[in-house]
Each structure stands twice: as structure tokens, then as C-alpha cells.
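Please consult the sequence and the structure shown here while reading.

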Amino acid sequence: MLEVGPTGLMDPEVYRSPAFYEAELEWVFSGSWMFVAHERWLPEPGDFVAETIGSEPVVVVRGTGGELRAFANVCPHRASLLVDGTGNCGRRIVCPYHGWTFELDGRLTGIPRRNLFATPLDPSQLGLTELRLDTWEGLVFVNVSGDAPELLDYLEDIPQLLAGHDIAGMGLGASLDDPIAANWKLVMDNAICDYHLSIVHEGSIAALVDLDGLSESAGDTTAVAAVPWRESELPAEARPGLEGKAAQGSLGCYVFPNLHVIGFPTGGATVMWWTPTSPTTTRARVLSLSHDPDADVRAGTELLSRVQREDFDVCERMQRGVQSAFYRPGPRHDAELRVTVFQRRLLQMVGSVLDPDAGSPKGSELAGVAR
């Protein structure tokens with residue numbers, strides 16, 4: 001079975017192996033709850049968001065009764081993708097290839113030239129495949145495999161920790177969407193590494209917070225960093241509903257495998273998520289949320305952009321460095337607890353299908369990885 005090594009960190013082969021990457025797409029992403037959209041992106045019936053979860057194309061659509069549903073974004077006739085990106089499909093989803101028509105609840109109701117099929121068709125057996133969907137605080141999650149725990153159980157302590165922020169009541173603010181030339185796991189290692197903050201972000205994040213007061217906690221699918229702000233940076237009055245660590249600083253709430261929700265003592269929040277686009281590239285997205293729709297978000301955007309650039313640089317440096325035959329993971333720092341949680345669960349999920357002892361045809365490629 002694949003395991004973390006003596007340092008508590010993964011072997012570099014995990015970042016290089018094509019077999020490991022393919023297993024991640026097939027098993028890790030499909031078997032987890034994945035953030036795909038904010039409810040406010042889908043206000044009207046027919047509004048949709050198409051996303052790829054691992055290697056699976058999915059679509060979330062608002063139904064005629066206001067409900068949200070998720071489907072495999074694949075026509076059951078000849079596998080054409082049904083929709084792309086975001087938009088509104090009207091009252092029905094129509095396949096762009098042969099014109100098969102589906103209601104917003106997934107039922108097949110239109111088949112052009114149906115009388116010419118070689119065998120009789122049963123439309124009730126040819127609808128869209130519905131996927132498991134749930135929401136928390138306006139954030140929409142999809143579980144492709146259908147066998148993840150209930151969403152609130154999966155989120156562990158995070159709903160309670162961020163309850164006072166009322167994320168569902170926040171308005172949408174600035175957003176970023178950028179590519180990174182690095183494996184998604186390196187990007188995640190960095191995103192939830194609290195050891196690098198004083199070095200890489202010395203003039204940005206570190207200038208606002210008191211890193212000596214940083215504390216971390218971890219569960220099975222989540223990990224939280226509480227970072228107190230400098231007193232000079234705190235709002236004059238705490239937002240109603242915030243108390244304790246939530247009123248004193250940032251709560252960086254990581255959700256396996258690729259989501260980070262940060263609650264701020266100002267009452268705002270940031271949602272960050274990272275999606276693999278190839279073994280060596282990642283899509284980085286950020287969404288800012290605020291209770292004050294008239295707030296000037298430019299300063300926040302500038303800070304986010306600066307932090308992104310700082311992180312992108314070190315991630316791309318690591319991408320080049322992890323290819324070295326001389327690299328082995330160094331000792332783990334106490335401020336890398338969240339990284340360890342991410343890596344341990346990742347190896348557990350991938351190892352269960354790539355264990356050489358289980359007879360997996362891919363297993364031999366990864367024998368000894370991360371031991």
C-alpha cells in the first residue's frame with residue numbers, strides 16, 4: 001500500500017507518474033465532494049455550469065421549479081458533450097450532434113427521425129445520468145461516484161467554524177482564473193502550507209497577520225489554519241456573529257481534495273479551488289465574497305493577484321525541481337500539518353487502486369512510491 005514516508009511527505013515520483021495522475025482523475029476527484037459553482041451563478045431556469053471533475057464532464061443546471069441538478073454532460077446516444085462553459089439552455093437541453101432533446105430534469109423527450117432506428121427506443125431508459133448534488137452556504141458540490149459521505153459530514157467542523165460569517169448571504173465580488181505551469185498536487189501543497197507565508201508572502205499576507213499566533217487543526221477530509229491578524233488591521237467593530245478566532249483573524253478551511261474557503265474577521269470570505277488540466281498544469285480560480293456589495297473590491301483584487309503571482313512562481317520552481325533525480329522530501333515542519341492531511345488522504349485513495357499487491361496492472365509503475 002502506498003504510504004507517506006518517514007518525513008510525512010510524498011515521494012517525488014507521485015508528482016511525475018502518469019499512472020498516478022490518471023488514477024487521481026478517475027478515483028480521487030470522482031470519489032470526493034467537488035465544488036463546481038456558486039448558486040448565484042445559476043439564478044434562472046435553464047442556467048447551467050459545465051465543469052470537468054477529474055476526467056468526467058458534468059453539468060449543473062437550474063430546473064424549471066428552481067431546483068439544481070447535476071448530470072453527466074454526455075449525450076447517451078453518441079457521447080457528444082451537451083453544453084460548454086456557462087450559459088442558459090432555455091427550457092430544454094438539446095444535443096448539438098443529433099438533436100436529442102432532454103428536459104431540465106434529465107428526461108429524454110425528443111428524438112429526431114425516431115421511426116428510422118433499427119430497434120424500438122424506450123426514452124425512459126435513455127435519459128441523462130443524474131449525479132449526486134448538495135449545497136452548503138450557497139456553494140454547489142457534486143459527487144460523481146455517489147459514495148462519498150453526506151456533504152455536511154464530509155465538511156466536518158467547517159460549517160460550525162464559518163457559521164458566523166453567513167457565507168450564503170454574501171454578494172459575489174472579484175474573481176480570478178489563471179493557469180499555473182505545475183502539477184496540481186504541488187499547487188495544493190503550497191496552498192495549504194503555512195510554513196512559507198513569512199518568506200514568499202513577506203510583503204503581502206505576512207504584513208497583515210501575526211504568524212506567531214498561527215494554529216492548525218485537522219480531520220479526515222478537512223484541515224483548518226487560524227491566523228490572527230495584527231491588531232492594527234482588525235475592523236474597529238467585529239461583525240455581528242463573529243467571535244473567538246473568527247473575529248480575531250482568518251480561518252483557512254481546506255476541504256479535500258482542492259478547495260480552500262477563507263473566512264475573514266471583516267465578515268468577508270474567499271473561495272479558492274485548483275483543477276488539474278494536465279500532469280504539469282493547473283487551473284487556479286478565486287472568488288471573493290462580501291456582505292457589502294458597494295465595497296471597493298479593487299484593493300482585494302490587487303492583493304489576491306499579488307499573492308497569486310508569488311505562489312505561481314514558487315509552484316513553477318517546484319515543478320522543475322521535483323523532476324530532479326537528487327530530490328528527496330526533507331523534514332516536515334509543524335506548520336505543514338495541512339499538507340500532511342492532504343497527502344495522506346490522497347495516497348490512501350490512490351493506493352487502494354494502485355496497490356501492487358492487489359494485482360493492479362498499473363501497480364508496478366508505482367511500487368515503492370512514498371514509502
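## Basis of the model

The model is predicted; local features need pLDDT of at least 70 and side-chain atom pairs count only at pLDDT 80 or more, whereas totals for chains, interfaces and linings use all residues. Residues are numbered from 1 along each chain as its sequence is written, and side-chain values use heavy atoms, with hydrogens and water left out.

## Nonpolar cores

A nonpolar core is a set of buried Ala, Val, Leu, Ile, Met, Phe, Trp, Tyr and Cys residues joined through side-chain atoms within 4.5 Å. Buried means under 20% relative accessible area, exposed over 50%, and partly exposed in between, using a 1.4 Å probe and protein chains only. The largest core holds 82 residues, and Trp-136 and Leu-346 have the most contacts inside it. Helix H9 (residues 337–354) gives the most to this core, with 8 residues. Helices (H or I, at least four residues) and strands (E, at least two) are DSSP runs, numbered from the N terminus.

Contact means heavy atoms within 4.5 Å. Apart from neighbours within four places in sequence, Trp-136 is in contact with Phe-141, Leu-151, Leu-152, Leu-155, Ile-158, Pro-159, Leu-162 and Ile-167. A second, separate core has 17 residues, including Phe-48, Cys-75, Leu-104 and Ile-111.

## Pocket and cavity

On a 1 Å grid over the protein atoms alone, a cavity is a set of points where a 1.4 Å probe fits but cannot get out, and a pocket is an open set with protein on both sides within 12 Å along at least five of seven lines; lining residues have an atom within 4 Å of a point. Grid points are joined across faces, edges and corners, and a volume is the space filled by probe spheres set on the points. The second largest pocket has a volume of about 550 Å³. Its lining comprises 22 residues, of which Leu-9, Asp-189, Met-318, Tyr-327 and Glu-336 lie nearest the centre. Helices H5 (184–191), H8 and H9 each supply at least two residues of this lining.

The structure holds 1 cavity of 30 Å³ or more. Of its 14 lining residues, Met-34, Phe-35, Thr-52, Asn-258 and Thr-275 are the closest to its centre. Strands E1 (34–38), E2 (47–53) and E16 (269–278) each supply at least two residues of the lining of this cavity, and the largest share, 4 residues, comes from E16.

## Cysteines

A disulfide is a pair of cysteine sulfur atoms within 2.5 Å. By this rule the count is 0. The sulfur of Cys-95 is 3.8 Å from the closest cysteine sulfur, in Cys-75, which is too far for a bond. For Cys-89, the closest cysteine sulfur is that of Cys-95, 13 Å away and likewise too far for a bond. Cys-95 counts as buried, at 4% relative accessibility.

## Two individual residues

Thr-301 belongs to helix H8 (residues 298–321) and is partly exposed, with a relative accessible area of 22%. Not counting residues up to four places away in sequence, Thr-301 touches Ala-174 and Leu-176. Thr-301 and Gly-173 are 128 residues apart in sequence and 9.1 Å apart in space, C-alpha to C-alpha.

Glu-103 is found in strand E7 (residues 101–103). This residue is buried, with a relative accessible area of 14%. Leaving aside neighbours within four places in sequence, Glu-103 is in contact with Arg-91, Arg-92 and Thr-109.
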